[in-house]
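Okay, thanks for coming, everyone.

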Amino acid sequence: MSNTHKPLVFSGMQPTNTLHLGNYLGALKNWVKLQDQMPCIYCVVDMHAITAVAYGKPDELRTAVREVAAAYIAAGVDPKKSVLFQQSAVPAHAELAWIFNCVARLGWADRMTQFKEKAGKHKERASVGLYTYPMLMAADILVYKATHVPVGEDQKQHLELTRDVAQKFNNDYNVEDFFPLTEPVIMGAGTRVMSLRDGAKKMSKSDDSDMSRINLTDDADMVAQKIRKARTDPNPLPENEKGLEGRPEAENLINIYSALSDIPRAEIIARFAGQQFSGFKNELADIAVAKIAPIATRMRELLADPAELDRILKDGALRAAAIADPIVAEAKKIVGFSH
Ligand code: AQP
């Protein structure tokens, strides 16, 4: 990363459904920590949401925007300290995304595994927006010249593309260091939380099975039930970390335990070595309930006052635009758009 850019965090989540434990451990938990280290901008990325899941569902989208904003705050994002807003309220994102659509090469977009996964077998039926998603994501980040982006492991490839876009723009327009080469912040044991029903699939908002994920809105009983019913293999817990090889469901539960408790994996394995999963799951359920249930309660309180959530998002949009507008104006001048 360049030294000339002031440290600044940007990250966002799609209002496509209720947030889950993977979103919390992979990203949100780290967002909260970073607030004490540098200025942070956190966005509800509704423009990304209409590339697929939320397309054609305006009422659901509006509800989900408030729900995601409430989840951010309930998990510990402080809207006084950090900028919290809704992507579509700051037009600079879309303006810079168009420029980046012209900077990025088709070959780069073709390599994106998330598009392949989300488009599925019938890619000709996917929206063009889903295909250009990574360029909008690059714009989300670089319109603030953000230097750090806390995300889960699945977003690593998009972050690499963001760096490529920044570098190519800087080179092609001979504006060395205009955009920073942003660093992904992928930390902790929860960078890739897997489905509770299938250790080969990531925990996801759009999985058909609600038992595959722990939603941040689940009550204590539901959280405990989902953990107790989580799929495992028939063997007891291993004696050491090496024993997790080829056992994705066991590894996933140990990772979740470690990420929720901040206890290293090796220590957890040493404690439960050779035991059946039932005792381990009971403890994990207690830990998960202690972390998730207060978030769900706080979310319900926040959602009871939608006008206040809207006010927070509007205030955040003004603060975000004040940073983004001069940067996009300069980028347009560099490109040759003069008015
Ligand atoms: N399973 C996961 N483990 C760790 N981190 C995860 N993230 C998502 N799933 C996991 C991280 O959460 C942030 C927000 O993601 P998003 O809302 O942009 O959408 P996504 O990555 O597509 O998440 P989902 O749950 O899989 O949503 P759907 O099903 O709608 O596509 C990102 O930082 C991501 O890394």
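Let's start with the second largest pocket, whose lining is D46, L61, R62, V65, R66, Q86, A89, D310, L313, K314 and A317. Before going on, a word on what we're looking at: this is a predicted model, where local features need pLDDT of at least 70, side-chain atom pairs count only at pLDDT 80 or more, and totals for chains, interfaces and linings use all residues. Residues are numbered from 1 along each chain as its sequence is written, and side-chain values use heavy atoms, with hydrogens and water left out.

What do I mean by a pocket? On a 1 Å grid over the protein atoms alone, a pocket is an open set of points where a 1.4 Å probe fits, with protein on both sides within 12 Å along at least five of seven lines, and lining residues have an atom within 4 Å of a point. This one holds about 210 Å³ of space, a volume being the space filled by probe spheres set on the points, which are joined across faces, edges and corners. Helices α3 and α13 (306–335) each supply at least two of its lining residues; helices here are DSSP runs of H or I, at least four residues, and strands are E runs of at least two, numbered from the N terminus. By class, that lining has five nonpolar, one polar and five charged residues.

Now, the largest pocket: about 1100 Å³. It has 42 lining residues, and Q114, K118, D154, Q155 and K202 are the closest to its centre. β1 (9–13), α1 (21–34), α6 (113–119) and α7 (128–142) each give two or more residues to that lining.

Staying with α1, that's where you'll find N23. So is N23 buried or exposed? It counts as buried because its relative accessibility is 14%, and buried means under 20% relative accessible area with a 1.4 Å probe, protein chains only.

Take Y72: beyond its neighbours within four places in sequence, its contacts (heavy atoms within 4.5 Å) include L19, L28, W31 and L84.

Key:
Ala, Val, Leu, Ile, Met, Phe, Trp, Tyr, Cys and Pro count as nonpolar, Asp, Glu, Lys and Arg as charged, and the others, Gly among them, as polar. Buried means under 20% relative accessible area, exposed over 50%, partly exposed in between (1.4 Å probe, protein chains only).
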